[in-house]
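Please keep the structure open beside them as you go.

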Amino acid sequence: MPVQESSEKHPESSWKSDKMFGNVSFQASATSSFIVLFSFMLILAGVEYTTIYSSNALLLAFKGSSSVYPPIVLLISGLCMLCTGLAAFILGIIAILLSVKSRGYTIFVLCLESIFGIFTLAALMFGNWAFLAKQYSSQQSVVQFEMMCMLYMVATGTALLSGQFCLTIQFYKQNFRADNMEVVFSQGLLKALVIFYSFLVVVKGISELAIAELMRKASLTSTFSAPFFISRTEVVIADGAFTILLGLYGMIVGAAGLSRHKVWFVSLYVFSFVVQLVLYDLAQYANFPAPVSGTIKIQGVETAIWTAALMLIPAYFASMLRDTSAL
């Protein structure tokens, strides 16, 4: 006897299984994982700056002076990175481990990332190095050096801070915009993001080549001035040239939407991160004398953070490019 289907309509559940959206489930997991990764890097950077600039000696002169950039500003920048990192880390980790996602808390994290991120970029990446350049305005070579330091920090800092913001926006759209689950970011926007972050890679490479050239002109074999702790200029030249080529390749992939190149793209960018880590943390930092060894150890961690953010965020968005010709 054939079984008749019930005509009774069951109310649609407000809870959606991840399996409903196929590949979107994998994208959601990847987004949450990257949020945790970038948040952890922000926490490390925040702890570093908070620890350094919360010392009693610096707090006594927290306003700074005509020759000292206000330590209180750098301390607040560290606290901003720390708070933003912790908030986003909680967002990502509970989504991964408990599948708990809150619209209100996600919006709160986005507000923190936008406000604190803008302040950190303005105060730490721009303001600090512009202040140092002004201090040595009579020495053109020093001004150029500080400007290259600013370029490096702006490129890497923007990758970390804005990258996390973009990831959180994607997290929000994946989980709270059910009408738009199939296409979280349009292909046009993904191409623009790949181009933008690849351009930041080019900027980092240019700053490295420029620093090496400035050191050559000044007959310097090494420098202890953050963010460049250099003991071998030839290593920095090689890394800068490779980084520029990699960034240009990324801009071409993004502009042309070469989704079939994304495996090569991701592989090259991850490989580049490993190479740069080796060239800085292993090939150079071990050569510095003992008096600066403590600072070098801290700088090694910071270099890993900035480099990882800059190399991984364009690779992440490139991995989401699709072959539109097959649609």
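1. Lys 204 counts as buried because its relative accessibility is 0%, where buried means under 20% relative accessible area, exposed over 50% and partly exposed in between, with a 1.4 Å probe and protein chains only. This is a predicted model, in which local features need pLDDT of at least 70 and side-chain atom pairs count only at pLDDT 80 or more, while totals for chains, interfaces and linings use all residues. Residues are numbered from 1 along each chain as its sequence is written, and side-chain values use heavy atoms, with hydrogens and water left out.

2. The structure holds 3 salt bridges, a salt bridge being a side-chain nitrogen of Lys or Arg within 4 Å of a carboxyl oxygen of Asp or Glu. One of them joins the side chains of Lys 204 and Glu 208 at 2.7 Å, N to O, and both residues lie in helix α6 (residues 187-217), 4 residues apart, about one turn of the helix. Helices (H or I, at least four residues) are DSSP runs, numbered from the N terminus.

3. The side chain of Lys 204 also meets that of Asp 239 in a salt bridge of 3.5 Å, N to O. This pair links distant parts of the chain, with Asp 239 in helix α7 (residues 233-256) and Lys 204 in helix α6, 35 residues apart.

4. Arg 216 and Glu 213 form a salt bridge through their side chains at 2.5 Å, N to O. Arg 216 is exposed, with a relative accessible area of 54%, whereas Glu 213 counts as partly exposed at 32% relative accessibility.

Notes. Helix = DSSP H or I, 4+ residues; strand = E, 2+ residues; numbered from the N terminus.
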